[in-house]
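Subject: Structure for your review

Dear colleague,

Please find below the structure that I am handing over to you.

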Amino acid sequence: MRVENELYKNQGIHVINAIFTVDEGRAKVLLVRRKNEPYKDMWALVGGALYNNETLENGTRREIKEKTGINDLDIYQFGVFDEKDKTPTINMRMVAITYLGIIDCKHTNILKKSRNTKDVEWFDIKNIPELAFTHNEILSKAIEKLRELIVQSNILKALLPVEFTMPELQKLYESILNKEFDRRNFRKKILSLNIVEDTNKEINLNGKRPAKLYRFKKEIKNKKVF
């Protein structure tokens, strides 16, 4: 690489994050409303420009913390997107390195405003508005990746409370995979994988008969669930 070559100039890197949760059986993604141009007032995925003195992961976690207040979550790199000629008012090529994040929204405090954002909200993945930049395309790929990951048992720990019912687990799968499972067959499949254990506790739900509480076993290998 010859750094003096003009073709190497005017290029930058963005780190863009699709942060997912499951709330009342619905898969949701965290979006921020932009405060500044370009795309002022539009919703966008969480992210921004990478500093030249930080690694990709450090930059990703910095952007997430600055714009949402979240400082601890599981992230997975899943793609690279070419932003050439797609960012108005910016006369340079931007390459987006994308990450998928997973978090339990019920135990997370979200920063509603920041220096560059005016609002933050969870959106159902089935009801996404038009997003800034090429973020709709990025989100679509992120959902595809989430569906790949969700059939690996370990990733579910970040989306569920420590103790959960079998219907809650089934709703999680159905929401993300966008399909329905027979209740009995689902329970039989999950128990056959030996990834959860009975806590010997029960919980009353909406006046119905008590439901058993389960938890993930401490040491489980990634297994193809469906």
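**Basis of the notes**

This is a predicted model, in which local features need pLDDT of at least 70 and side-chain atom pairs count only at pLDDT 80 or more, while totals for chains, interfaces and linings use all residues. Residues are numbered from 1 along each chain as its sequence is written, and side-chain values use heavy atoms, with hydrogens and water left out.

**Overall fold**

The protein chain has 4 helices and 9 strands; helices (H or I, at least four residues) and strands (E, at least two) are DSSP runs, numbered from the N terminus. Along the sequence, their pattern reads β-β-β-β-α-β-β-β-α-α-α-β-β. Taken along the principal axes, the C-alpha atoms of the protein chain fill a box of roughly 70 × 35 × 30 Å. Of the 226 residues of the protein chain, 46% count as buried, where buried means under 20% relative accessible area, exposed over 50%, and partly exposed in between (1.4 Å probe, protein chains only).

**Nonpolar cores**

A nonpolar core is a set of buried Ala, Val, Leu, Ile, Met, Phe, Trp, Tyr and Cys residues joined through side-chain atoms within 4.5 Å. The largest nonpolar core has 46 residues, and those touching the most other members are Phe 20, Val 29, Ile 150, Leu 169 and Tyr 173. At least two residues of this core come from each of β1 (11-23), β2 (26-34), β5 (74-82), β6 (93-102), α2 (135-149), α3 (166-177), α4 (183-192) and β9 (211-216). Another core, of 17 residues, lies apart from the largest one and includes Ile 19, Ile 64, Leu 73 and Ala 132.

**Salt bridges**

Side chains of opposite charge can pair when their charged atoms come close. The structure holds 14 salt bridges, each being a side-chain nitrogen of Lys or Arg within 4 Å of a carboxyl oxygen of Asp or Glu. One network of salt bridges links Glu 54, Arg 62, Glu 63, Glu 66 and Lys 67. Glu 54 counts as buried at 17% relative accessibility, and Arg 62 counts as buried at 15%.

Arg 62 also forms a salt bridge with Glu 66, the closest N and O atoms being 3.3 Å apart. Arg 62 and Glu 66 are separated by about one helical turn, because they are 4 residues apart in helix α1 (residues 56-68). Glu 66 counts as partly exposed, at 35% relative accessibility.

Elsewhere, Lys 112 forms a salt bridge with Asp 119, with a closest N to O distance of 3.2 Å. Lys 112 is partly exposed, with a relative accessible area of 36%.

**Pockets**

A pocket is defined on a 1 Å grid over the protein atoms alone, as an open set of points where a 1.4 Å probe fits, with protein on both sides within 12 Å along at least five of seven lines; lining residues have an atom within 4 Å of a point. Grid points are joined across faces, edges and corners, and a volume is the space filled by probe spheres set on the points.

The largest pocket holds about 1100 Å³ of space. Its lining has 27 residues, and the closest to its centre are Thr 165, Pro 167, Glu 168, Leu 205 and Ala 211. Helix α3 gives the most to this lining, with 6 residues. By class, the lining has 10 nonpolar, 5 polar and 12 charged residues; Ala, Val, Leu, Ile, Met, Phe, Trp, Tyr, Cys and Pro count as nonpolar, Asp, Glu, Lys and Arg as charged, and the others, Gly among them, as polar.

The second largest pocket holds about 340 Å³. Of its 22 lining residues, Arg 34, Gly 47, Gly 48, Lys 67 and Asn 116 are the closest to its centre. Helix α1 gives the most to this lining, with 4 residues.

**Two single residues**

Thr 117 is placed in strand β7 (residues 117-124) and is buried, with a relative accessible area of 1%. Glu 24 lies in the loop between β1 and β2 and is exposed, with a relative accessible area of 65%.

With kind regards
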